[in-house]
Structures are given as structure tokens and as C-alpha cells.
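Dear colleague,

Please find below the sequence and the structure that I promised to hand over. My notes on what was found follow directly after.

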Amino acid sequence: MPMLENPIADCVRDIKTSIAFLTRLPIARDAAATGDELAQASWAFPIAGLVVGLIGALTYTLAYKFGLRPWPSAVLSLVATLVVTGCLHEDGLADTADGFGGGATRERKLEIMRDSRIGTYGVCALTLSMLLRAGALASLADPRIVVFALIAAHGAARATLPFLIALAPPARSDGLSHAAGKPAQDRLLIAGALAVVILGLFLGPLPGLVALILLAAAVGLMVWLCSAQIGGQTGDVFGALEQVGEIVILLVALR
């Protein structure tokens with residue numbers, strides 16, 4: 001007799017897969033996720049983002065409670081999220097900036113993006129990303145608003161990643177992004193719905209709508225840019241899109 005599917009078990013498995021892939025948190029898995037498993041779990045990327053955002057929010061709250069001013073509290077919050085994710089998305093942003101900015105041909109751009117060394121474009125992109133995020137959090141000042149903004153930024157920014165997988169072909173014929181394939185339509189719908197709920201709850205209806213529109217524009221722009229530059233997406237491009245998404249949401253929170 002065939003085994004009946006267990007929706008709850010599948011949901012828990014997908015959440016564990018997304019957290020294990022997008023963070024350094026010790027989530028037990030029998031083996032590393034395959035491309036198919038990541039495509040299946042892509043709807044849960046926003047949930048992994050919520051976990052990261054909550055850790056950043058807790059760090060900011062504790063720093064503020066112990067009397068630190070908004071700027072050092074914001075920087076410590078940023079440090080906490082970097083530790084939790086292992087700088088996964090920041091590494092992608094730097095590699096994408098170096099490849100797109102420093103390569104003259106598609107092949108050279110992809111070669112640069114695989115190089116573990118960081119170049120001038122990557123340094124500038126990372127510096128701007130960290131300054132914008134820390135500056136936005138410090139400017140918010142009110143700890144309650146900072147907490148909401150962090151959760152919204154990390155959760156909704158990661159909801160963009162399944163859409164990039166679906167809309168842009170893989171730029172390489174090997175690697176995890178090629179093996180993953182396109183997420184099923186129901187996975188995209190769930191990820192999009194989670195983004196709407198997260199932004200509406202933590203930013204409010206109108207700012208949430210503005211952020212959602214800007215995130216959609218960021219996805220469209222990244223699909224066009226990576227297709228024009230390297231013929232499609234890579235894991236590094238996902239990291240760059242996530243960073244853009246975080247920045248967009250935090251800037252909207254400054255309304």
C-alpha cells in the first residue's frame with residue numbers, strides 16, 4: 001500500500017531545509033539538501049528570514065536596554081544577523097558586484113564571481129549595504145519600530161528568492177541553482193502570500209504595499225540585469241537580491 005503524504009511533516013521538513021540552507025543554525029538533517037528539495041522548500045525561505053530577523057531584533061532590544069545608543073545597537077543587531085547567516089547573502093552581493101562590475105565578457109564575469117577574493121566593487125557594495133542598513137535602523141530609534149522593521153526586512157526579502165529562481169534561468173550548467181529547477185506555482189504563491197502578510201503586519205498596510213511594489217520591481221530589475229550580464233542567475237545573484245530587498249524594506253520603514 002502506498003504511503004499517504006503527511007502535509008504537516010512535509011511543512012516541517014521544508015522549514016528545516018530552508019533554515020539549514022539560509023543560516024548557520026544547528027538544524028539537524030540527514031544530509032545536505034538537494035536541488036529538488038530546495039525548490040520544494042523555497043516557499044519557507046521567508047520563515048527562515050523571520051528567524052534571522054527575530055535574532056537581530058532581540059540583539060537590538062538587549063543592547064538598547066543596556067543603555068547603548070541607537071547606532072551601536074543597530075550595528076550589534078547587524079553583527080548578530082551576519083553571524084547567524086554566515087554572511088551568506090553579503091558574500092553573494094560582493095561576488096555579484098565584482099563580477100558585473102569587473103568582467104568584460106560573460107565568461108569572465110562568471111569566473112570572477114567564483115573567485116573567493118573580493119575586489120573593489122565588492123568592497124564598495126558591502127560597505128554601502130551595511131551603512132544603509134545600520135543607518136536606517138539607527139534613524140528609526142524607537143526600539144519597537146526597529147524590531148518590526150528587522151522582522152519585516154529579513155522575512156520579506158527572502159520571499160523574493162523563489163521568484164528569481166522561477167523567472168531567470170540558471171547561468172551555469174552546474175551548481176545548486178541549476179540542479180534546483182523552478183519552484184512549483186503553489187510554492188511561489190505561498191512565498192508571495194507570506195511576504196504580503198509579513199509586510200502588512202510589521203510595516204502596516206500602506207507602507208507594506210509600497211514595500212511590496214518595490215520588492216517586485218527589484219526582482220524584475222535583477223532578472224533583467226543578471227540575464228543581460230551573465231545569461232541568468234547564480235547563487236551569488238540570490239544573495240545580492242536579498243540584500244537589496246532588506247535595504248528597500250528598511251528605507252520604507254523610515255517613512
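**Helix packing and selected residues**

The crossing of helices H7 and H13 is left-handed. Please keep in mind throughout that this is a predicted model.

To place that crossing, H7 covers residues 120-140 and H13 covers residues 235-253, and their axes come within 9 Å of each other and cross at roughly 25°. Because angles under 35 degrees count as roughly parallel, H7 and H13 are roughly parallel to each other. On the H7 side the contact is made by Ser 129, Leu 132, Arg 133, Ala 136, Leu 137 and Leu 140, which meet Gln 243, Glu 246, Ile 247, Leu 250 and Ala 253 of H13. Sorted by class, the residues in this contact of H7 with H13 are 7 nonpolar, 2 polar and 2 charged.

One of the H13 residues in this contact is Leu 250, which counts as buried because its relative accessibility is 2%. Leaving aside neighbours within four places in sequence, Leu 250 is in contact with Arg 133, Ala 136 and Leu 137, and also with Ala 149, Leu 150 and Ala 153. Between Leu 250 and Phe 148 there are 9.9 Å in space, C-alpha to C-alpha, although the two are 102 residues apart in sequence.

Ser 77 belongs to helix H4, residues 70-85, and is buried, with a relative accessible area of 0%.

Helix H6, residues 106-114, has Lys 109, Leu 110, Ile 112 and Met 113 as buried residues. They lie on the same side of H6, because the arc they cover around the axis is only 160°. The face turned away from that buried side carries Glu 107 and Arg 114, which are exposed. As for partners, the buried residues of H6 pack against helix H5 (88-102), helix H12 (205-230) and H13.

Most residues other than glycine have a negative phi, whereas phi of Cys 87 is near 55°, a positive value. With a relative accessible area of 32%, Cys 87 is partly exposed.

Note on methods:
Residues numbered from 1 in each chain as written. Predicted model: local features only at pLDDT ≥ 70, side-chain atom pairs only at ≥ 80, totals over all residues. Heavy atoms only, no water. Axes fitted to C-alpha atoms, helices over the stretch in contact; angles between N-to-C directions. Helix = DSSP H or I, 4+ residues; strand = E, 2+ residues; numbered from the N terminus. Parallel < 35°, antiparallel > 145°, perpendicular 65-115°, else oblique. Left-handed = near helix turned anticlockwise from the far one by under 90°. Contact = heavy atoms within 4.5 Å. Nonpolar A, V, L, I, M, F, W, Y, C, P; charged D, E, K, R; others polar. Buried < 20%, exposed > 50% of the residue type's maximum accessible area, 1.4 Å probe, protein only. Arc of directions from axis to C-beta.
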